[in-house]
Amino acid sequence: MIISKFLDKKIIALVLIFLCTIIIRYENIFERPLGFHNEDATSHVLVTMNAFDESPLSMHYFLPIFTLGEEHNKGIDDLPSASKQDEYGNYYYTSFPPLGFIAPYIFAKIFFLPLNLITLRIFNVILGLLSALLIYFLVKKITSNINRKYSNLPIISAIIYMFNEESLWSHSNAYWAHSLLQPIWITSIYLFLNILQGDYRRRILWGLGVVIFLMCYTEWTAYIMAFLYILTLFHVYIRDKRKEVLVAVGIVGGMSFLSGILMVSLFSAKVGFSEYFHGLFYRASQRKGHLSLLSELIQNYWVGFGLFLFIPLVLLIIFCFKRQRESESNIILRNLRILVVVTWIPMLENVFLLEHAALYTFATLKLVVPIILTTILILMYLNQKYTKLALILVCIASVWSVRTYFYINNSPQNDVIYKTYIEAGTLIKANTKDDEIAFLNRRVRGHLIYYAERNIVECGSLEDAVKFMRKSKFATGKYYIVGGSNFGFEPPDSKYLWEYYGYSSGFIEISKNGEEGITIYPAKFNDNNWINGISKEGNGFFVSNSEILTSLKPGNILADQSGGLHKITSISNDQVWFGGVPSKSLVDAKSFKLVH
């Protein structure tokens, strides 16, 4: 019976339509490296998937570990303010439940796929297809018992899900727990609708319970969704006085509680009960944001859903003038109204955690479900002929979304960003030995850890790197330097901007005893043009020991103690000259390190 459902002509048509979305996204899915549009979340999951594979289950308990398996990765916190450490020096991400990390790992293992970027994207695309098909079956079930056949509504619903820009992106390149939540949540709505329609069979009740457990083990909003189900079921019990409804309440509440208890127990066993909740609430407080971010959230809604936002509004205006209601479908409309309310309320999470929703557009992905159900509700109040109008509007909105998808995700800036991540990661991977620690003068993101295949210490200065070395069990390390597009000028004001402007430059060798390699000191020479051997113009200096000049040549990169990078353009006698705009950091330089 299940197979026959999927062999339905409309299902086949939907799969073919979905294949069109893959063709549209093919280059981004299969050829594009990690970028910046929410793909730090993707890289985070990739690092955790590989960490699962490199450490035994008895160590990580399938919790979101962010420390890779080799010893040189231990004790490195690449998620400051969002992680807690265990006794082995592993750091765990405590802000989200674990299933969003576990599911793609299990998917890769079941199908013998490598733990890489393409595998994760394929998994995410499959989630998009499942979600669209589940929406189709949900709306088909809603409309199946109506005398007047609304045969186009399930198709319209699935198309809305497939073609909004947020689904196109957050069910392919940008993966996070929200992408996994979608098919699980829609399944719960389908089962919940069965209960509203009076179906209290055990497989329905316990099926909903299992789905609720998975939801709560995936994303925090699921607890709000489960609470809304419980409130609605209590209302149904007051109305119908059926004990089966109380059984459903017990199952939903019990499975939500069980999921939470399991998660708290595992995290507490690894990082401690108080530490876990401290990290959890601290991170939540950071995600609240300021009301000034509300405009960015609204912009995310517009970019992600575009003209689909206006389809329910247009239909509502028509309804206000027509005001038609079908008496034979009062119960169905009542149940659908309940589903509309139950799916809109979780969107308040975007307001409560405003900073997160403004920063990461996948946090708005769940909006597509209430948009679809609201559209279907209004169409069912209207005459059947308006479904044709809705289909036309959906097609127009789909074209708009595809246009937005390419506009947002194919920026020329991406080429620089891709090059930065890959070059820097490759540089670190190729030059850092297993018995060395890698340091970076810029922000460390999951992109770099993924490409470098190791954890990297974020350090603002060589001095900080040496201090870290002295506390570690390793004797040597490499301090990697990333320059900017203003290379030879001042370094960017914020070390967090390098992912937009930087490219890899080289490294400086360090040890517990301090910096190693070649160090160049300016001569103590002063006159009207020179201060302590450095040009007042900020574009050159006298070398104190001319013998070291044999180790230098034009094209070499020197780093001063403040992180400024300078490219040698010429060497004249005992003078070293740099290109580019004069640098202020050069004037105060006490020494320079040759960057390899």
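This is a predicted model: local features need pLDDT of at least 70, side-chain atom pairs count only at pLDDT 80 or more; totals for chains, interfaces and linings use all residues.

Q: Are Tyr-61 and Phe-62 buried, exposed or partly exposed?

A: Burial is read from relative accessible area: under 20% is buried, over 50% is exposed, and values in between are partly exposed. Tyr-61 has 32%, so it is partly exposed. Phe-62 has 22%, so it is partly exposed as well.

Q: How many residues of the protein chain are there, and what percentage is buried?

A: The protein chain has 596 residues, and buried ones make up 56% of them. The chain holds 25 helices and 15 strands. As for how its parts meet, take the contacts with a separation of 6 or more: residues 24 or more positions apart account for 73% of them.

Q: Now a helix. How many residues does H9 have, and how far does it reach?

A: A helix can be checked against its expected span. H9 covers residues 177–196, which is 20 residues, and reaches 28 Å from its first C-alpha to its last, close to the 28 Å expected.

Q: Where does H9 bend?

A: The bend is at Pro-183 and amounts to about 25°. Just after H9 comes Gly-198, with a positive phi of about 95°.

Q: Why is H9 described as largely enclosed by the rest of the structure?

A: Count its buried residues: 18 of the 20 in H9 are buried, so the rest of the structure largely encloses this helix.

Q: Which residues make the contact of H9 with H19?

A: Start with the axes, then go to the side chains. The axes of H9 and H19 come within 11 Å and cross at roughly 35°. H9 contributes Gln-182, Trp-185, Ile-186 and Ile-189, while H19 contributes Val-368, Val-369 and Pro-370. By type, the residues of this contact divide into 6 nonpolar, 1 polar and no charged. As background, an α-helix has 3.6 residues a turn, so residues three or four places apart point the same way.

Q: Where is Lys-366, and is Lys-366 buried or exposed?

A: Lys-366 lies in the loop between helix H18 (354–359) and helix H19 (368–381). Its relative accessibility is 2%, so Lys-366 counts as buried. Leaving aside neighbours within four places in sequence, the residues in contact with Lys-366 include Gln-182, Trp-185, Glu-219 and Glu-349.

Q: With which side chains does the side chain of Lys-84 make a polar contact?

A: First place the residue: Lys-84 is in strand E1. At 13% relative accessibility, Lys-84 counts as buried. Its side chain makes a polar contact with the side chain of Glu-275 at 3.3 Å, and another with the side chain of His-278, also listed at 3.3 Å. Beyond four places in sequence, Lys-84 also touches other residues, among them Tyr-91, Tyr-92 and Val-271.

Methods. Residues are numbered from 1 along each chain as its sequence is written. Side-chain values use heavy atoms; hydrogens and water are left out. Helices (H or I, at least four residues) and strands (E, at least two) are DSSP runs, numbered from the N terminus. Buried means under 20% relative accessible area, exposed over 50%, partly exposed in between (1.4 Å probe, protein chains only). Contact means heavy atoms within 4.5 Å. The expected span of a helix is 1.5 Å times one less than its number of residues. The bend at a residue is the angle between axes fitted to the seven residues ending there and the seven starting there. Axes are lines fitted to C-alpha atoms, for helices over the stretch in contact, and angles run from 0 to 180 degrees between N-to-C directions. Ala, Val, Leu, Ile, Met, Phe, Trp, Tyr, Cys and Pro count as nonpolar, Asp, Glu, Lys and Arg as charged, and the others, Gly among them, as polar. A polar contact is a pair of N or O atoms within 3.5 Å; within protein, one must be able to donate a hydrogen and the other to accept it, and residues adjacent in sequence count only if both atoms are side-chain atoms.
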